[in-house]
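Welcome! Take a moment to look over the structure below, and then we will walk through how its parts meet.

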Amino acid sequence: MDKDRKWGLNTKAIHEGYHTDPATGSLSLPIYQTSTFVFSSAEEGAKRFAGEEAGYVYSRLGNPTVSAFEQKVAALEKAESGLAFASGMAAISAVLLGLLKTGDHILCSKGLYGCTFGLLGLIQERFGITYSLCDMNDETSIVTALQPNTKVIYVETPINPTMQLVDLSMIGKIGKQKKIKTVVDNTFMSPYLQRPIEHGCDIVLHSATKFIGGHGDVVAGIVVGSKEMMETLRMTTQKDIGGILAPFDAYLLVRGLKTLGIRMERHCKNAQKVAEYLAEHSKVSQVYYPGLPSFTQHALAKKQMDGFGGIISFELKGGYEAGVKMMNRVRLCKRAVSLGDVDSLIQHPASMTHSIIPATDREKMGITNGLIRLSVGIEDFDDIVHDLDQALSSA
Ligand code: LCS
């Protein structure tokens, strides 16, 4: 590709990371389904192990199909380098264990995906790496919550499933001033809608299972950041814990990414209309969607997001019982966890994705028993609303 040109995100999503196999001319990325790579001589093998010569060695340390995926996401996020993992949780644990040691502290956004919360509890109990949650509404609340041993600020924005936002420029600035690494879980937005590195944050990660893959057929994670940080993680927590991505899964993700732009535009368009429909519905008491002017952080959403995404959370006037009835009546929307698929998915955070979090902590995060999360797919809008309408009539 023309190195001097600043390619657009859609072009990068299609072309970055792989440019026609010179040996065969294959347009599509080859799946290098191999565990190991043959050295042309003993000396070459020794040089590769010593890091004196570039080249593949063993698929836990790098694989060409996986590298193509890593490069594509790094380019989309405007990062120097990327590292792929077997799941979003493998990515998060590799980052936290790679950056922190016993005695360090992590300052987190007020809400987090349930298993991230579970991981934080585990590393606190077993390894003495402590954490605390902070609403992060303004600079003072963050600076006050920092501890002398805070080494990482870790945020989701929007937060799963409450949809609350964190100001990325604000945490990027605080991180730089205080020399604390800022880590952003960008799963809900995808690099098409939000690029935290542009706001001064250090590391961005995703559950690539979601919008990046987009088709509900792969579980994966990706981390991007500076070349130096990614090399450190590659040679420590990725190499020695080993939660690597399989070549076939990397192929599916590269394929999924080619349509990221058009998928995200459609997710945003559908979700905006569904959020407006729900906000007007007589049985709905609250709708949390950053694209609604009534959303408390709508101005921040417009500032840092290029679109409002595909996820909506809402509460019904009839609370939990009404929610169960509604969820049992959907026909087109699927009752399933995960999000960001082309299919619309509906789930109940308190009893499903966030059930690992004790009820009192869940309530502090704003995850009520009546909250329902809808990942709006790219089906025809009229069909989604038809399904929600008939399901809500029972609630
Ligand atoms: N980060 C966020 C924001 C997530 O939503 C998830 C999974 C993860 C990390 C972990 O990624 P995984 O290991 O599953 O690839 N979220 C899920 C959810 O909300 N429903 O099912 C999984």
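## Polar links across the interface

Let's begin where the two domains meet. Across the interface of domain 1 and domain 2 there are 16 residue pairs in polar contact, both residues of each pair having pLDDT of 80 or more. Keep in mind that this model is predicted.

The interface of these two domains also holds 2 salt bridges. Elsewhere in our list of charged pairs, the side chains of lysine 303 and aspartate 167 form a salt bridge, with 3.1 Å from N to O.

## What domain 1 brings

Which helices each supply at least two residues of the side of domain 1 that touches domain 2? They are H5 (114-127), H8 (190-193) and H10 (247-257). Of these, H5 gives the most, with 4 residues.

By residue type, this side of domain 1 divides into 18 nonpolar, 19 polar and 4 charged residues.

Stepping back, the chain is divided into domain 1, covering 9-257, and domain 2, covering 261-392. Their centres, taken over C-alpha atoms, are 26 Å apart. Domain 1 puts 41 residues into the contact, and domain 2 puts in 41 residues.

Between them, the domains bury about 3,200 Å², with 62% of that area on carbon and sulfur atoms. In domain 1, the residues that lose the most area to domain 2 are Leu165, Leu193 and Phe211, and together they account for 22% of what that side buries.

Notes
Residues are numbered from 1 along each chain as its sequence is written. This is a predicted model: local features need pLDDT of at least 70, side-chain atom pairs count only at pLDDT 80 or more; totals for chains, interfaces and linings use all residues. Side-chain values use heavy atoms; hydrogens and water are left out. Domain bounds come from an automatic or database domain assignment. Contact means heavy atoms within 4.5 Å. Buried area is the accessible area (1.4 Å probe) that two parts lose on being put together, summed over both. A salt bridge is a side-chain nitrogen of Lys or Arg within 4 Å of a carboxyl oxygen of Asp or Glu. A polar contact is a pair of N or O atoms within 3.5 Å; within protein, one must be able to donate a hydrogen and the other to accept it, and residues adjacent in sequence count only if both atoms are side-chain atoms. Ala, Val, Leu, Ile, Met, Phe, Trp, Tyr, Cys and Pro count as nonpolar, Asp, Glu, Lys and Arg as charged, and the others, Gly among them, as polar.
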